[in-house]
Amino acid sequence: MSYKVLFIDEESLQHDDFEDHFEKNWPEAVRVCMFPAPTIEEMLEQIEQLHPDAVIVDYQLNDKKEDISYNVCYNGVELINAINEQLADFPCFVITSYDGEAVGDSNDVNLVYVKKVLNFSSEDGEKVSFAQRVKSQIDKYRLRIANARKDISSLIAKRERGEATVQDEERIVELDTFLERTFDKNDSVPAGLKQLSNLERLNTLIEKVDSLIDKLN
């Protein structure tokens with residue numbers, strides 16, 4: 001099973017640190033380094049085209065601009081928030097020398113790491129290297145997608161047999177919403193199945209009752 005990890009930083013030296021850390025701690029992973037795009041919209045487009053399994057981004061993308069000539073109008077936390085708005089629970093990480101600011105901006109402090117993690121490994125006394133933490137998050141995300149596919153297939157089969165409850169159908173919509181917010185759009189449920197059949201039955205019953213009341217009046 002292949003893995004592709006994207007690293008975004010405005011410094012080529014940080015790219016080298018990233019490459020060295022992953023080569024030492026997770027050499028099987030495909031590593032891609034990029035400079036941040038000027039706007040967050042452009043950056044999101046590039047990420048979608050690249051289709052990575054995880055994104056690691058520096059917090060201060062305008063801190064040292066020796067390798068880029070333009071201003072970057074967003075920080076790493078803002079980029080991660082934008083990614084998660086499109087891709088639910090997608091594996092993202094922020095590395096920074098300004099952990100206080102980054103933690104304050106982030107919705108999840110567990111996603112923020114200080115840059116020195118790229119210089120440490122299990123051989124340096126760390127129980128789990130940063131690279132292996134990234135792999136663990138990817139594996140958990142992939143497992144959630146696999147479980148969602150399995151559950152939604154089972155529920156759709158139940159619905160086709162006419163056995164689905166309202167709770168089952170609500171769960172189908174919930175799982176479908178999650179699967180639509182992954183890179184693989186083919187997981188989404190056909191539009192016709194998104195309508196709650198139990199709700200349709202209830203609406204039909206209400207219409208019949210209203211019609212009967214009208215006749216009695």
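Trainee: At about how many degrees to β2 does helix α1 run?

Mentor: In this predicted model, helix α1 covers residues 12-25. The helix lies across three strands, namely β1, β2 and β3. Relative to β2, the direction of helix α1 makes an angle of about 170 degrees.

Trainee: Which strands are touched by helix α2?

Mentor: Helix α2 spans residues 40-50 and packs on the sheet. Its direction makes about 160 degrees with that of β1. The strands that helix α2 touches are β1, β2 and β3.

Trainee: Which strands are the edge strands of the sheet?

Mentor: The open sheet has five strands in the order β2-β1-β3-β4-β5, with parallel pairing. An edge strand pairs on one side only. The edge strands are therefore β2 (30-34) and β5 (112-114).

Trainee: What is the angle between the planes of F7 and F18, and is the pair stacked or edge-to-face?

Mentor: F7 belongs to strand β1 and F18 to helix α1, 11 residues apart, and the pair links distant parts of the chain. The ring centres of F7 and F18 are 4.7 Å apart. Planes under 30 degrees apart count as stacked. The angle between these two planes is 5 degrees, and the pair is stacked.

Trainee: How many of the residues lining the largest pocket are charged?

Mentor: The largest pocket holds about 200 Å³ of space. Its lining consists of 12 residues, and H51, D53, Y141, I145 and F183 lie nearest its centre. Within this lining, six residues are nonpolar and two are polar, while the number of charged residues is four.

Terms used
Residues numbered from 1 in each chain as written. Predicted model: local features only at pLDDT ≥ 70, side-chain atom pairs only at ≥ 80, totals over all residues. Heavy atoms only, no water. Pairing = 2+ DSSP bridges. Helix = DSSP H or I, 4+ residues; strand = E, 2+ residues; numbered from the N terminus. Contact = heavy atoms within 4.5 Å. Axes fitted to C-alpha atoms, helices over the stretch in contact; angles between N-to-C directions. 1 Å grid on protein atoms, 1.4 Å probe; cavity = no way out; pocket = protein on both sides within 12 Å on 5 of 7 lines; lining within 4 Å. Points joined across faces, edges and corners; volume = space filled by probe spheres on them. Nonpolar A, V, L, I, M, F, W, Y, C, P; charged D, E, K, R; others polar. Phe/Tyr/Trp six-rings, centres within 6.5 Å; stacked < 30°, edge-to-face > 60°.
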